[in-house]
Amino acid sequence: MAHVIVIGSGFGGSIAAKRLTEAGHTVAILELGEDMRDPAKLEQSQDTKYILRLFRDYPVDYLQAKPKVVVTQGMGFGGGSLVYSGIHLRAPSSAFSGWPSGYTRANLDHYYGRVEQRLGVAPLPDASSYPRSQAFAAGASAAGLPAPVANPVAMTGCTKCGWCIPICKWGKKNTMQHTYLQDALNTGRLSVWTNRKAKYIAKYGTKYRVVYWKTDSAVDNYHMVNSGSLYYQEADWVVVACGAIETPALLERSRYDSLPSGYTRIASFDMSNVGNGIDGTGDFIQGGFVPQQMDGFKGAVMMNHIDMGDYVLEDIGAIPVGPAVKLESSFQGISKTWGLAYKQKFKDYGRHMLAVGVMGKQGNGTLGNIQAWDDDGNAAVSNTAYQPPTGSLEAARSIITAQGGEIADTPWERSGTAATVHPVGGCKMGSSSSYAVQSTDLQVRNNPGLFVIDGSVLPGSPFRNPSHTIAAVAERAMDVILGVHPYWYWPS
Ligand SMILES: Cc1cc2nc3c(=O)[nH]c(=O)nc-3n(C[C@H](O)[C@H](O)[C@H](O)COP(=O)(O)OP(=O)(O)OC[C@H]3O[C@@H](n4cnc5c(N)ncnc54)[C@H](O)[C@@H]3O)c2cc1C
Ligand code: SF4
């Protein structure tokens, strides 16, 4: 039985850890973020001292830098699942156009079902009873859009208090920490190494060595640690599961960093697709004030979605969306984003603001996909926004205006600035050798036993919040790696 190091503990890493340990392998997880399993650590708080221990921002100083794109991801034992909103939507068939052969909605349904079962995914109960949901539905109806339906979520006994973003303090969100990682721990074959950031992967004799920094001397922003003593762990196999932004940077360091004597560089592969073509999956948030009081802060983060084919529209709770919409938003007749008139405009922010999120297919006339690379030990992202799904912003805004509301122009309208928590790609799988990762088993070409299993391997946006598709692709890859199914078998 192999000893395996899994780097990163989000959706891809957790599924790899569970499946490998249950198959009898011993696994060590290296995770740059904190271990948040102690309930005493959890807070219902937006205090930045707490938030920056859970979130990775690229660029980290975006308020100062005012970039064209801001990417935010989770970190900690459980990765993005700790902070996500628990929404699990299957990608529509059309999303798989251009994916490697075999990756279809029909073929992936088996794996979506498996993930839903383990995470207890079910439609959010009573979602439609909230005034925010009713305002969302009324606006959709007035605008002639399809009716919203309750989001399928990985939550059990959720009280819809809306504080999912800084981890559910009440344990109602079925995160990877509570499910897949717990299953792996139950085997007795998983060891957990949090506050460790992998610097590079190299060969040492017949083994892989993962060389890392400890991040526990930092107080937050653990992903920015790039100095200090170096340590290593050794394994037969390595699974890279650092997500769409950090995986390309780690592979780049592994190919190009200088190595101590006795170490050998991992074998060469085509890097031309590594770090390129990252898709933000939409994530354009529109907001505005509706006439009726609907207390948008009440209810879970995103309770309903409207299926628009190439994209979905989702109602968003006012508290988490506040900074995104408020920051630099503008109104007709108020030219400045500060001052008394602006302040008065926001007087009814919590009661009347309806925010609508757009997740989906990148629009035509793309300005440029996001790129990620290594910048002296840290991942960096390009200053390139991308287009919203065609027609999506108009549809989102019509939900507000069709019921007599007033639109707030967001940073996208004002300065073409996009923000996403849903990046995918960066290390796309493919069937030709120009892709670093094989589409069969997600192994890195020319490097037996080195795999990439996370959102970076997705060849494109799944037109929906992406975790469900990342997880389904990971489950399939583990079937192939563990020999449960032959290379190209797809269960019906
Ligand atoms: C606020 C928020 C809400 C979201 N809500 C939803 C939702 O409701 N539904 C949905 O589908 N998606 C949602 N997402 C997106 C979702 O979280 C991501 O798509 C998903 O987590 C990506 O999974 P992954 O396995 O690729 O990587 P991640 O979950 O990001 O895991 C990667 C892990 O690797 C660690 N890591 C990175 N580099 C290193 C390194 N060098 N060494 C060691 N460890 C490393 C990171 O700390 C992280 O824990 C949300 C995201 C955010 C931020
Ligand atoms: S809405 Fe509240 S109870 Fe429900 S999962 Fe989120 S934080 Fe937990």
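**Before you start**

This is a predicted model, in which local features need pLDDT of at least 70 and side-chain atom pairs count only at pLDDT 80 or more, while totals for chains, interfaces and linings use all residues. Residues are numbered from 1 along each chain as its sequence is written, and chains are lettered from A and ligands numbered from 1 in the order in which they are written.

**Stop 1: the whole protein**

Show everything as a cartoon. The protein has 13 helices and 23 strands. Helices (H or I, at least four residues) and strands (E, at least two) are DSSP runs, numbered from the N terminus.

Now turn the model around. Along the principal axes, the C-alpha atoms fill a box of roughly 70 × 50 × 45 Å.

How much of the protein is buried? Buried residues are 53% of the 492. A residue is buried if 20 or more other C-beta atoms lie within 10 Å of its own, exposed if 12 or fewer, and partly exposed in between; C-beta atoms are placed from the backbone.

Of the contacts with a separation of 6 or more, 75% join residues 24 or more positions apart. Two residues are in contact if their C-beta atoms, placed from the backbone, lie within 7 Å.

**Stop 2: helix 1 and helix 13**

Select residues 11-22 and residues 467-481. These are helix 1 and helix 13, packed at an angle of about 30° with their axes 9 Å apart. That makes helix 1 roughly parallel to helix 13. Axes are lines fitted to C-alpha atoms, for helices over the stretch in contact, and angles run from 0 to 180 degrees between N-to-C directions. Angles under 35 degrees count as roughly parallel, over 145 as roughly antiparallel, 65 to 115 as roughly perpendicular and the rest as oblique.

Show the side chains. Helix 1 brings Phe11, Gly12, Ile15, Ala16 and Arg19 to the contact. Helix 13 brings Ser467, Ile470, Ala471, Ala474, Glu475 and Met478. By class, there are 7 nonpolar, 2 polar and 2 charged residues here. Ala, Val, Leu, Ile, Met, Phe, Trp, Tyr, Cys and Pro count as nonpolar, Asp, Glu, Lys and Arg as charged, and the others, Gly among them, as polar.

**Stop 3: helix 4 and helix 13**

Leu108, Tyr111, Tyr112, Arg114 and Val115 of helix 4 meet His468, Ala471, Ala472, Glu475 and Arg476 of helix 13. The contact has 6 nonpolar, 1 polar and 3 charged residues.

**Stop 4: backbone details**

Select tyrosine 58 and proline 59. The peptide bond between them is cis, with omega near -5°. Proline 59 sits in the loop between strand 3 (55-58) and helix 3 (62-65).

Next, lysine 160. Its phi is near 60°, a positive value in a residue other than glycine. Lysine 160 is in the loop between strand 7 (152-153) and helix 6 (180-186). It counts as buried, with 20 C-beta neighbours inside 10 Å.

Leucine 442 also has phi near 60°. Look in the loop between strand 22 (437-438) and strand 23 (450-452). Leucine 442 is buried, with 26 other C-beta atoms within 10 Å.

**Stop 5**

Select tyrosine 50 in helix 2 (residues 48-51). Beyond four places in sequence, tyrosine 50 is in contact with Glu43, Ser45 and Pro166.

Go to leucine 145, in the loop between helix 5 (131-142) and strand 6 (149-150). With 19 C-beta neighbours inside 10 Å, leucine 145 counts as partly exposed.

End at glutamine 64 in helix 3. Glutamine 64 is exposed, with 8 other C-beta atoms within 10 Å. From glutamine 64 to alanine 127 is 38 Å, C-alpha to C-alpha.
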